[in-house]
Amino acid sequence: MVGPGRPQIVLFGSSIVQYSFSDGGWGATLANIYSRTADIILRGYAGWNSRSALKVLDQVFPKDAVLQPSLVIVYFGGNDSMPPHPSGQGPHVPLSEFTDNMRKIGEHLLSLSDKTRVIFLTPPPMNERQIQLVFGDAMKGRSNELCRPYAEALLNLCKEINVKGIDLWNAIQQQDDWMNTCFTDGIHFTAKASEIVVKEILKVVREADWKPSLHRKSLPVEFPFDFGLPNSLTLSDLELTRNKKLEPPPGPGMARL
């Protein structure tokens, strides 16, 4: 049976989260980086919006759980920001309701324990032409400009409720040739985009004044490297080298990761 010693980092959201354990995905990279120090737990549900998430929040994150997560990374908003469907169906959630839903999600997560931390990811940009080529009219109307107010509202909310926010909408658009290198279908991430997400998450975790810190270098390694094994120094060196290679290359402000 797996013991309760490691911190739990839960990824909660829609398809951007569900697909994050694919080859080169940002969730898979985090799992590798934290492989000896924390458990990365996936709770991703493709097609969901903030309204869907709110309905199951108590089931996914029960307040009476024996072990509560140390960190929850939350992504919703891309589906919410889709234009309303004439039938009244579809994932669209009005901006005011989206903000209220995310406030309730954030407050619930923060109430789980005095050591539970929360990061919200904003909706990322998208390649509208690629969406049309891949999905046709099935995703008609999705656009960067519809995502922008949802991203901005979420960042403002983060300041209000003391939750860390990552502005993916701008971070991805700062990359060279982002429209052609960051998406598999105009919406979901390539390994390049996932690398950006990991860099932003690690930067927040490193700079946060959380106690205890959740930065990978601050967490104890499960079982020491000399745990009854010969050549332990060699094993330790190999592990440290491996983790360096798994982290994205440093960019501006990232030299200390």
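Reader: In which hand does α3 pass α4?

Author: This is a predicted model, in which local features need pLDDT of at least 70, side-chain atom pairs count only at pLDDT 80 or more, and totals for chains, interfaces and linings use all residues. Residues are numbered from 1 along each chain as its sequence is written, and side-chain values use heavy atoms, with hydrogens and water left out. A crossing is left-handed if the near helix is turned anticlockwise from the far one by less than a right angle, and right-handed if clockwise. For α3 and α4, the crossing is left-handed.

Reader: At roughly what angle do the axes of helix α3 and helix α4 cross?

Author: Axes are lines fitted to C-alpha atoms, for helices over the stretch in contact, and angles run from 0 to 180 degrees between N-to-C directions. The axes of α3 (residues 50–60) and α4 (residues 95–110) come within 9 Å and cross at roughly 25°. α3 is therefore roughly parallel to α4, a term for angles under 35 degrees; the crossing angle is roughly 25°.

Reader: Which residues in α6 meet α4?

Author: Contact means heavy atoms within 4.5 Å. The axes of α4 and α6 (residues 144–161) come within 10 Å and cross at roughly 35°, and α4 passes α6 in a right-handed crossing. From α4, the residues that take part include L95, F98 and M102. Those in α6 are P149, Y150, A153, L154, L157, E160 and I161.

Reader: What percentage of the residues of the chain count as buried?

Author: Buried means under 20% relative accessible area (1.4 Å probe, protein chains only). Of the 257 residues of the chain, the buried share is 47%.

Conventions
Helices (H or I, at least four residues) and strands (E, at least two) are DSSP runs, numbered from the N terminus. Angles under 35 degrees count as roughly parallel, over 145 as roughly antiparallel, 65 to 115 as roughly perpendicular and the rest as oblique. Buried means under 20% relative accessible area, exposed over 50%, partly exposed in between (1.4 Å probe, protein chains only).
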